[in-house]
Amino acid sequence: MKEIVLIKLGEMVLKGLNRRTFEDVLIKNIKYRLRDLGKFEIKIAQSTITVIPQSDDIDLDDVCERIGEVFGIVTYSRACVCEKDFYDILEKAPVYAADALSEAKTFKVESKRSDKRFPYKSPEISAQVGGKILSAFPRLKVDVKNPDVIVTVEVRDYGAYIRCGTLRGQGGMPVGTSGLATVLISGGIDSPVAAYMMAKRGLKLNAVHFESPPYTSERARLKVEKLLKQVSRYAGSIEMHTVELTKIQETIRDRCPEELFTILLRRVMMKISSRIAEITGSGALITGESLGQVASQTMYALGCTDAAASKIVLRPLIGMDKQEIINISRRINTFETSIEPYEDCCTVFTPKHPRTKPVLRFVEMAEHEAQLDEMIEQAIAATTVKTIAP
Amino acid sequence: MWKYGFMDLHYLDNSATTAVCRSAAEKALYMMTENFGNPSSLHKFGINAELCIEDAREAIADALSVQPKSIIFTSGGTEANNTVLFGAAEALKRRGSRIIVSAVEHSSVYESAKRLGEMGYDIQYAPVDSDGVIDLEQLDNLLTDKTILVSVMAVNNETGSIQPTERIAKRIKRRSPDAVFHVDAVQAFCKMPLKPQKWGVDFMTVSAHKIHAPKGVGALYIRDGARLIPLLYGGEQQKKIRPGTESAPLIAAFGEAVKEADIAKNNAYIRELNDYAMTKLTAIDGVSINSPASALPYIINISVEGIRSETMLHHLEQSGVYVSSSSACAKGKRSYVLAAMGLSDDRIDSSIRISFSKYNAKEDIDALIEGLRSGIATLQKVRS
């Protein structure tokens, strides 16, 4: 029996003339995520994408797991393909539904007939298919209010399908339809979540990671690669730019007032990331900052960091509580990696009492005295790049 | 057939253990001589060893369609089974005391359950039918709201009978929502599709040496959120569920063997061997087949009328054919597995297990058939 996956599109069906572009990008993204699972025919009609496996050894569980991670999909379901022939539907329904019904007590049949030329009306289809299932499994009962399993029969223009249950997709918009942005990724809980949330709004990502060997270890970088790999399941492949900050951090430590260490470092990160964004054609920076979470994330501190960025800075977590962020991070499976205990460069040389209300003018003066510009240029020139793919 | 030294071997005891495949053996050698760091060390040696362990974890997680973080490594199937039985029983003891295991479990589950019974838990044994498959209606009657743990093997080690673990999982969730479900999949791993997470299985045991990797390593799938009280205490390794420095050579070798296993391709080949053997076996007078038709093709359990298992085993050994009498772990004892299927004592005492691997060929089966025929001709004469 031939089984396929039916995908219902998200809010992009609302888009006007751009709609075709959005659909094309989504199909490309789906193809990319399924690329190592086998050959598929993927087509679109009546705002539904159909994924048809081209060989028998393809595992649809794996296919569904991947589709469940692609942005731009509201719901999806596995379905059995039938001839547009009532007898074929009646014959296949009990066989296909057998698995889903094996431990169920109650069920109901729903029918949708979008092809009105099909000679049987929806209630008639439901009644007859229901009757067939009842006679195949006499222990089952029909319950239209709260059934264990819903068997859906769909008669469309180009074919008929039987489904048992629908799965929820990630929602959002296809990655790439909103452009490219650069995420500052540290290895903590917040930045992978911020990356995920902006990818959900259709942004393709590249990433900047800062390290300070020997103060930070290789394990810290491997941890970030692992986090990005997990994010790439949703966001597609990510170019990771690793920048070494050791010399700059040591210079700040030697030449600047201690309470400004953190804010000065954040500004350096913004400057370098803006430049990398410029070079890679990215239109914005993304950070995992959440208002008031730490000293560098007070409104005043964010104001000082923002002034160093030459791109718009997107902060999707700005109004969220830590627990809300953790919940998302658990859901997207980055939490357990994030809490692995490796030093990152933000915790090197942390001041005892960081300034929570820094004043931009004084920060800029301190920065000027430190004479960091040349070192920033050197750090950018020494950037290493690695592509992280799901 | 493959050659060790000058002797031709027909090794048909692959459910006892298997030859280690070259890629796994080479990986183990490399991990012991070059990449020998302690995976917990902070320096490069530690990181490199850790990366190999993580690579193996990912291979095993992929084979089970689960997240790598839900896999921990143990010293083998027995340790994994003990970890779940004692660990889950203790974690859930406030919710109830009933533990259900099937009547045909491997001794590492069976004996653990017996010990838990001595400790005061209420142990129930779920009976099987004549095919060795668990009786779902009778299982339903055993499942109560005081049930905390159910353990059923995926494939029986003596007969190859496949248990309907997915359906059992659904029944447990409905009748005993507090209970956790453990599946011992040692004989099934890399031989049939296993999807513990999708099926609703909380714990799953797998072992390395049944799939061409070394002895001394196994793995346990633990569903995200499922609780276990550890058996061992020590360092921070493996989320403290299984402390102790990981055996990087064995684990990395395990990973290589899993990567090499191609379920679909192997099954087609083993099915072919099984069909070939079945045709020849059923043509011999006095041989009856104990494995059900629905069994995993890797195992065929037979009885040879009137000849004790061990006698036939040693007779076959003389012609270079290696099989086992019931399971290798229960030398000399009468098989409780075959007894639970309702076989007569005569059939049980004369039972032999033939088990295949991808390294077998039809010549091995020919040698077996010849050995059985000559055994029947000579040994029965001696008896009468």
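Select the second largest cavity: its lining divides into seven nonpolar, three polar and no charged residues (Ala, Val, Leu, Ile, Met, Phe, Trp, Tyr, Cys and Pro count as nonpolar, Asp, Glu, Lys and Arg as charged, the others, Gly among them, as polar). This is a predicted model, in which local features need pLDDT of at least 70 and side-chain atom pairs count only at pLDDT 80 or more, while totals for chains, interfaces and linings use all residues. Residues are numbered from 1 along each chain as its sequence is written, and chains are lettered from A in the order in which they are written.

Stay in chain A. Residues lining this second cavity include Q249(A), F261(A), C346(A) and P351(A). Helix α8(A) gives the largest share of that lining, three residues (a helix is a DSSP run of H or I, at least four residues, numbered from the N terminus).

Next, select K210(B), I211(B), H212(B), N266(B) and Y298(B). Of the 16 residues lining the largest cavity, these lie nearest its centre. That lining divides into seven nonpolar, five polar and four charged residues.

Move to helix α6 of chain B, residues 165-175. T165(B), I168(B), A169(B), R171(B) and I172(B) are buried there (under 20% relative accessible area, 1.4 Å probe, protein chains only). Seen down the axis of α6(B), the buried residues fall within an arc of 165 degrees, so they line one face of the helix (the arc is that of the directions from the helix axis to the C-beta atoms).

Finish at L194(B). Among the residues that L194(B) touches are A63(B), W199(B) and M204(B) (contact means heavy atoms within 4.5 Å).

How values were computed:
Heavy atoms only, no water. Buried < 20%, exposed > 50% of the residue type's maximum accessible area, 1.4 Å probe, protein only. Helix = DSSP H or I, 4+ residues; strand = E, 2+ residues; numbered from the N terminus. 1 Å grid on protein atoms, 1.4 Å probe; cavity = no way out; pocket = protein on both sides within 12 Å on 5 of 7 lines; lining within 4 Å. Lists of a residue's contacts leave out its neighbours within four places in sequence.
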